[in-house]
Amino acid sequence: MAEKRTDGSRPISAVRVQLLIMTLATTMQYLLTAIRTRSGEMPTIPDSMLELLGLSNAIYLGGKGWTVLRDRLTSIWETRR
Amino acid sequence: MTFKAFIDNSYDLLAFFSGVVLLFFAGGLAWTILWRMWTNKINLSLLVSEKTGEASMSRLQLLIFTFVIGLSLFVIVVGAAEGPRFPAAFPPEILTLLGISGSSYLVSKAIQSGSTATATRPRLTISSTTVGSLAPGASADFSLRLMNVPSGTAIPNVTWSLDAPSLGTITPISPDKARYQAPMPSEGPATVNLRAQATGFEDGTATISLS
C-alpha cells in the first residue's frame with residue numbers, strides 16, 4: 001500500500017488504499033450475489049457501483065500520474081541547482 | 001435405423017468424444033500449469049508488481065476481477081436450479097467492469113513507462129544476475145554496483161534478502177558482496193530471487209536456479 005519516493009521513504013498511499021477498498025467491495029458484492037443466484041444467468045452489477053469503481057480508478061491513475069510528474073519535476077529541479 | 005438417423009447419431013457421438021478429448025486436454029494443461037507453479041518453475045513473485053518491485057494495484061485489481069468473474073460463471077453454471085447450463089447472455093455491466101479494470105491497467109503501464117524519473121533514479125545492480133543451476137549446498141558470490149549515482153558515491157547500508165519461497169541462505173561478506181548458499185538437502189529444482197535493498201535506491205535483483 002506504500003508508494004516509493006525518490007528520497008527512499010515509503011508513505012502509505014491513500015489513492016492505493018481507496019482503490020483496494022473499492023475493488024474488494026465490488027468483489028464481495030458480486031460474489032455474494034452470484035452465490036445466491038439460482039436462475040442460471042449471470043447477475044448484473046449496479047450502474048452506481050460501476051461509476052464508483054470508474055471514479056476510484058480515475059483517482060488512482062490521477063494519483064499515479066501526479067507522482068510520476070512530481071518525480072520528474074524534482075529530478076529537473078535538482079539537476080538545475 | 002435409417003441413414004439419416006445413423007448420421008445424426010454419429011455426429012452426437014463425435015461431439016461427445018470431441019468434448020471428452022477437449023476436457024482431458026484442458027484438465028491436463030491446467031494441472032501442468034498448477035504443478036509448475038507449485039514446483040516454482042513458473043515464477044509468480046512479480047505477478048502483481050511493477051518492474052521496480054513496487055506493488056501494482058491495477059494488476060491486482062485486474063487479477064481479482066478476472067478470477068471473480070470466472071468463479072462466478074462456474075458457480076452460476078453448476079448452481080442453476082434446473083441443472084447445469086451455460087448462461088444465455090453475458091451482462092454488458094460485467095464487460096464494462098472488466099473494461100474499466102483493463103483500461104486502468106493499460107493507462108497505469110503507460111504512465112509507468114513514461115516515467116523518465118524511474119530510469120534515472122539511483123538503483124542497485126547485482127552482478128552475475130543469473131547463476132546456472134546451483135547444486136544442493138553449493139554457494140555463489142554476488143556483488144553490487146551503484147547505478148545512476150555520481151562516481152565515488154559510498155556503498156550504502158544494504159539489506160540482502162530472498163523473495164518467498166526463501167530457499168537457502170544469503171549472508172553479507174562485505175559492504176558490497178554477499179554469499180548465497182543453496183539448501184541442503186535439495187528441495188527439487190526451483191528458482192530463487194535474490195534482492196538487495198538500500199534507502200534511496202531502487203532494489204537490485206538476481207535470479208538463481210537450483211538443481
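# Exercises on a two-chain predicted model

The largest nonpolar core has 24 residues, and B:Ile126, B:Phe142, B:Trp160, B:Tyr180, B:Leu194, B:Ile208 and B:Leu210 have the most contacts inside it. A nonpolar core is a set of buried Ala, Val, Leu, Ile, Met, Phe, Trp, Tyr and Cys residues joined through side-chain atoms within 4.5 Å. This is a predicted model, in which local features need pLDDT of at least 70 and side-chain atom pairs count only at pLDDT 80 or more, while totals for chains, interfaces and linings use all residues. Residues are numbered from 1 along each chain as its sequence is written, chains are lettered from A and ligands numbered from 1 in the order in which they are written, and side-chain values use heavy atoms, with hydrogens and water left out.

**Exercise 1. Determine how H1(A) and H2(B) are oriented to each other.**

Step 1. The axes of helix H1 (residues 14–36) of chain A and H2(B) come within 10 Å and cross at roughly 5°. Axes are lines fitted to C-alpha atoms, for helices over the stretch in contact, and angles run from 0 to 180 degrees between N-to-C directions.

Step 2. H1(A) and H2(B) are therefore roughly parallel. Angles under 35 degrees count as roughly parallel, over 145 as roughly antiparallel, 65 to 115 as roughly perpendicular and the rest as oblique.

Step 3. The contact (heavy atoms within 4.5 Å) includes A:Leu20, A:Leu24 and A:Leu31 of H1(A) and B:Ile64, B:Val68 and B:Val75 of H2(B). The residues of this contact divide into 16 nonpolar, five polar and one charged. Ala, Val, Leu, Ile, Met, Phe, Trp, Tyr, Cys and Pro count as nonpolar, Asp, Glu, Lys and Arg as charged, and the others, Gly among them, as polar.

**Exercise 2. Determine how H2(B) and H3(B) are oriented to each other, and locate B:Lys109.**

Step 1. The axes of helix H2 (residues 57–79) of chain B and H3(B) come within 9 Å and cross at roughly 155°. The two helices are therefore roughly antiparallel.

Step 2. The residues of the contact of H2(B) with H3(B) divide into seven nonpolar, seven polar and two charged.

Step 3. B:Lys109 belongs to helix H3 (residues 92–113) of chain B and is partly exposed, with a relative accessible area of 37%.

**Exercise 3. Is A:Lys64 buried or exposed, and which residues does it touch?**

Step 1. A:Lys64, in helix H2 (residues 47–80) of chain A, is buried, with a relative accessible area of 10%.

Step 2. Not counting residues up to four places away in sequence, A:Lys64 touches B:Glu50, B:Ser108, B:Ile111 and B:Gln112.

Definitions and conventions:
Helix = DSSP H or I, 4+ residues; strand = E, 2+ residues; numbered from the N terminus. Buried < 20%, exposed > 50% of the residue type's maximum accessible area, 1.4 Å probe, protein only.
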